[in-house]
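Subject: Structure for you to look at

Hello,

I am passing a structure on to you.

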Amino acid sequence: MAEKWEEIDRYARQWIDEAGKRIRASFAKQLTVEAKENPNDLVTNVDRAIEQFFAEHIRRQFPSHRLLGEEGFGDRIDALDGVVWVIDPIDGTMNLVHQRRHFAVSIGIFEDGIGQLGYVYDVVFDELYAAQKGRGVFLNGEPLGLLQPAPVTESIIAINGTWLMENKRLDHRPLMRLAKEARGTRSYGSAALELAYVAAGRLDAYISPRLSPWDFAGGMILIEEAGGMVTTLDGKPLDLLGRNSVLAAKPGVHEEILRRYLHD
């Protein structure tokens, strides 16, 4: 069984590396940019090409595996039996379009719903965050230590400023208080990168009221392997087949945010 995951890991890393080269090569070309249902939810020809690249390679090398993806090249999945790859070919497309940085390739590989391999690749800065269940988290091959508990007052919290204003998804007032009492707040525009930063200890928590599985699948595996916690804003397990609210944090911070700022 261990050999199976070693083989899958080897191929996943090869394909991520090749995908990164293709994305960087696209910078010199004109992007085709379209909006989805929301005019600020963008997709490019590069997003689609990279997901298609992964889909073709996975089906060729691992025909029994299935793919849950954002851009339409995956399978119709209503159960998580067997091996399922959950892929966001470019998380942070708006950053790609406007900044050519602060976006990532995100992959989570699950077996019967259990996360086995997780990857978040920062294409521009060439940083690969990777984890295999039971083996810890690595950044470009170097091991990262387990996350240590901390209080909110000594924490940097990643949260989009939208959720600190009146909005239709959640009561913003407790989160305003959290932002005031935390050491600082940040927003990078890529859920995958922000989750990877939590796993690496660069951020202490990440909060979002609405993410799809491909946004958080890779980062969730990284954080849990680093000793952190990833739940809904109600403290419940995430649903890999639907949209979720997400609270990801190191020990101590997660419990304090749930207790004092989300359910006080």
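Predicted model: local features only at pLDDT ≥ 70, side-chain atom pairs only at ≥ 80, totals over all residues.

Residues are numbered from 1 along each chain as its sequence is written, and side-chain values use heavy atoms, with hydrogens and water left out.

Domains and their contact

The protein chain is assigned domain 1 (1–144) and domain 2 (152–262); such bounds come from an automatic or database domain assignment. Contact here means heavy atoms within 4.5 Å. On that basis, 41 residues of domain 1 and 23 residues of domain 2 take part. The C-alpha centres of the two domains are 21 Å apart.

The size of an interface is often given as the accessible area lost when the parts come together. Between domain 1 and domain 2 the buried area is about 2,200 Å², with 69% of it from carbon and sulfur atoms. Buried area is the accessible area (1.4 Å probe) that two parts lose on being put together, summed over both.

There are 9 residue pairs in polar contact between domain 1 and domain 2, both residues being at pLDDT 80 or more. A polar contact is a pair of N or O atoms within 3.5 Å; within protein, one must be able to donate a hydrogen and the other to accept it, and residues adjacent in sequence count only if both atoms are side-chain atoms.

On the side of domain 1 that touches domain 2, at least two residues each come from β3 (66–69), β4 (83–91), β5 (104–111), β6 (114–122), β7 (127–132) and β8 (137–139). β6 gives the largest share, 7 residues. Sorted by class, that side of domain 1 has 20 nonpolar, 13 polar and 8 charged residues. In this sorting Ala, Val, Leu, Ile, Met, Phe, Trp, Tyr, Cys and Pro count as nonpolar, Asp, Glu, Lys and Arg as charged, and the others, Gly among them, as polar. Helices (H or I, at least four residues) and strands (E, at least two) are DSSP runs, numbered from the N terminus.

The count of salt bridges between domain 1 and domain 2 is 1. A salt bridge is a side-chain nitrogen of Lys or Arg within 4 Å of a carboxyl oxygen of Asp or Glu. Glu 127 and Arg 202 form a salt bridge, with their closest N and O atoms 3.2 Å apart.

Helix α5

In α5 (residues 191–200), 9 of the 10 residues are buried. Buried means under 20% relative accessible area, exposed over 50%, and partly exposed in between (1.4 Å probe, protein chains only). Among the buried residues of α5 are Leu 193, Glu 194 and Tyr 197. Gly 201 follows α5 and has a positive phi, near 80 degrees.

Salt bridges

The whole structure has 13 salt bridges. One of them joins Arg 13 and Asp 9, at 3.0 Å from N to O. Both residues are in helix α1 (residues 2–26), 4 residues apart, about one turn of the helix. Arg 13 is partly exposed at 34% relative accessible area, whereas Asp 9 is buried at 12%.

Glu 181 has a salt bridge to Arg 177, with the closest N and O atoms 4.0 Å apart. The two lie 4 residues apart in helix α4 (residues 172–181), about one helical turn. Glu 181 is partly exposed at 30%, and Arg 177 is partly exposed at 27%.

Arg 260 also forms a salt bridge with Glu 181, at 3.3 Å between the closest N and O atoms. This pair links distant parts of the chain, with Arg 260 in helix α7 (residues 253–262) and Glu 181 in helix α4, 79 residues apart. Salt bridges with shared partners join Arg 177, Glu 181, Glu 256 and Arg 260 into one network.

Two loop residues

Which residue other than glycine has a positive phi near 60 degrees? That is Arg 100, in the loop between α3 (93–99) and β5. Arg 100 is partly exposed, at 26% relative accessible area. Asp 112 also has a positive phi, near 50 degrees. Asp 112 lies in the loop between β5 and β6 and is exposed, at 54% relative accessibility.

Regards
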